[in-house]
Amino acid sequence: MAIVTGLGLGALIGVLLGLLGGGGSILAVPALVYGMGLDIAHAIPISLIVVAAASAVGVLPKIRAKQVRWRMAGIFAATGIPATIAGSAISAHLPQSVLMVGFAVVMVVAGVRMLTDQGATGTACTIEAGQVNWRRCAPRSIGAGLLVGLLTGLFGVGGGFLIIPALVVMLGVEMSTAIGTSLLIIIANSVAGIASHLDGITVDWQITAAFVAAAMATSLGAGYFGTTTDTARLQRWFAYLVFAVAAYVLVDTLILR
């Protein structure tokens, strides 16, 4: 039964990652904690393994469609990886209740961001003759990369819900390219988080394999579908789901326990 549940939850996360370039990871930890009965210390590394694998598959259609900005992803990763390691160290010293409440707050922020996203494009990385204005772009990329990396280490989230608005609104990247670039950044940060969190943790590899297999398969299919699909309506409904899960986490952590 645990394997079947893992397959179903992993498939959902993979679809959301493939379509939206993020978002699925925000449900991975609650799915593992409440759906699979794991404590958060075990759920975070498994979440990162699933998110990294699903993102690695989901980014392939974006690479083929040339919807990736490699240098920008590199800047985010170079700043995000050390921040992820720092976040993992902090996470190891916090009680589960604090992490779950913090995670719920992150979910609310993610949901609000999804509902208020107007698809507007910023101008920090103005492109002229195919070239990015790195003098303006790099400082903002570094700041955003640090924040995303810290959250990845703390809570086991990929951070796509922050990476994409940073790329689109702050840096002026088109949405289709932002999704592909986001997936590359998620992979780099997640791998760093996995290495940091696995120390002293025994992973249930059967559950992990079920999640990974389902998430990779559905992320690949959703990634191809997402290259030509308007995901605005899906994003709104997903935001409502995130609010509901966040409310449940807060009630369970602060009232029921």
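Which residue with a positive phi follows H7? The structure is a predicted model, in which local features need pLDDT of at least 70, side-chain atom pairs count only at pLDDT 80 or more, and totals for chains, interfaces and linings use all residues. Residues are numbered from 1 along each chain as its sequence is written, and side-chain values use heavy atoms, with hydrogens and water left out.

The residue after H7 is Gly172, with phi near 80 degrees. Helices here are DSSP runs of H or I with at least four residues, numbered from the N terminus. H7 itself spans residues 160-170, and nine of its 11 residues are buried (under 20% relative accessible area, 1.4 Å probe, protein chains only). Among them are Phe161, Leu162, Pro165 and Val168.

Two packed helices are described by the angle between their axes and the distance between the axes. For H3 (residues 40-64) and H8 (residues 175-197), the axes come within 8 Å and cross at roughly 150 degrees. That angle makes H3 roughly antiparallel to H8, a term for angles over 145 degrees. The crossing is left-handed, meaning that the near helix is turned anticlockwise from the far one by less than a right angle. Residues of H3 including Ile44, Leu48 and Lys62 meet residues of H8 including Ile179, Leu183 and His197, where contact means heavy atoms within 4.5 Å. By class, this contact of H3 with H8 has 14 nonpolar, seven polar and one charged residues.

Elsewhere, helix H5 (residues 96-116) contains Val112. Val112 counts as partly exposed because its relative accessibility is 40%, between the 20% and 50% limits. Val112 and Tyr240 are 128 residues apart in sequence, yet their C-alpha atoms are 9.2 Å apart in space.

Methods: Helices (H or I, at least four residues) and strands (E, at least two) are DSSP runs, numbered from the N terminus. Axes are lines fitted to C-alpha atoms, for helices over the stretch in contact, and angles run from 0 to 180 degrees between N-to-C directions. Angles under 35 degrees count as roughly parallel, over 145 as roughly antiparallel, 65 to 115 as roughly perpendicular and the rest as oblique. Ala, Val, Leu, Ile, Met, Phe, Trp, Tyr, Cys and Pro count as nonpolar, Asp, Glu, Lys and Arg as charged, and the others, Gly among them, as polar.
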